[in-house]
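Let's take a walk through this protein, stopping at a few spots along the chain. Have the structure open and follow along.

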Amino acid sequence: MNHPLITRLITDFGWPKLTSMEEVAAFNEAPGVHVLFVPGDPARNLETPDVAVILPELQMAFQGQFDCAVVDEPIEYEVRESAGVLKTPSLIFYREGRLLGGIPKVRDWQEYVQRISQIIVEPIAAE
């Protein structure tokens, strides 16, 4: 995950880098809506840097309605499997520990806005 645009999310924006499933759970269980950025291998996936640039812009466009974290490479597979969002790069949305949905691969701006608008208003299903 040594791509400067991914590193920038952690160093410049202060997003947490989640290195264990326990950290993922703690981040997702906090109040509010949370987005996990699962970058995949930026050397093999040319869309990863694009999403690393787009996600902070989306966060600003949605006026902070969600916070973001970067999933570290060793746990990416487990995070993707548990969410059912298998392709990378991906954005996986949670509210208070519950999966809301995911957006795999890079999308155009309007599709991101439309899908995120739908995802963040999803009610949490009762168990």
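Before the first stop, a word on how the elements are named: helices are DSSP runs of H or I with at least four residues, strands are runs of E with at least two, and both are numbered from the N terminus. With those names in hand, go to Q63, which sits in the loop between α3 and β3 (66-71). Keep in mind that this is a predicted model.

You'll find E96 in the loop between β4 and β5 (98-104). Is E96 buried, exposed or partly exposed? With a relative accessible area of 43%, E96 is partly exposed, since that class covers the range between the 20% and 50% cut-offs.

The peptide bond leading from T88 into P89 is cis, with omega near -5°. Next comes S90, which belongs to strand β4 (residues 90-95). S90 has a relative accessibility of 1% and so counts as buried. Its side chain reaches the backbone oxygen of K87 at 3.4 Å. Setting aside neighbours within four places in sequence, S90 is in contact with L36, F37, V38, V85, I103 and P104.

Another serine is worth a look: S20, in the loop between β1 (17-18) and α2 (21-29). S20 is buried as well, because its relative accessible area of 18% falls under the 20% cut-off. The side chain of S20 reaches the backbone nitrogen of E23 at 3.1 Å.

On to a pair of helices. Two packed helices are described by the angle between their axes and the distance between the axes. Here, α1 (residues 4-11) and α3 (residues 48-61) pack at an angle of about 30°, with their axes 8 Å apart. Angles under 35 degrees count as roughly parallel, so that's the label for α1 and α3. Their crossing is left-handed. Which residues make the contact? From α1 they are L5, I6, R8 and L9, and from α3 they are T48, P49, A52, V53 and P56. Sorted by class, that contact has seven nonpolar residues, one polar and one charged.

Finally, visit two residues toward the ends of this tour. N2 lies in the segment before α1, and with 80% relative accessibility N2 counts as exposed. N2 and F37 are 35 residues apart in sequence, and their C-alpha atoms are 15 Å apart in space. I119 lies in helix α5 (residues 109-119), and at 9% relative accessibility I119 counts as buried. What does I119 touch? Not counting residues up to four places away in sequence, I119 touches F93, R95, L100, G101, G102 and I103. I119 and V33 are 86 residues apart in sequence, yet 9.7 Å apart in space, C-alpha to C-alpha.

Note on methods. Residues numbered from 1 in each chain as written. Predicted model: local features only at pLDDT ≥ 70, side-chain atom pairs only at ≥ 80, totals over all residues. Heavy atoms only, no water. Buried < 20%, exposed > 50% of the residue type's maximum accessible area, 1.4 Å probe, protein only. Polar contact = N/O pair within 3.5 Å; in protein donor to acceptor, adjacent residues only side chain to side chain. Axes fitted to C-alpha atoms, helices over the stretch in contact; angles between N-to-C directions. Parallel < 35°, antiparallel > 145°, perpendicular 65-115°, else oblique. Left-handed = near helix turned anticlockwise from the far one by under 90°. Contact = heavy atoms within 4.5 Å. Nonpolar A, V, L, I, M, F, W, Y, C, P; charged D, E, K, R; others polar.
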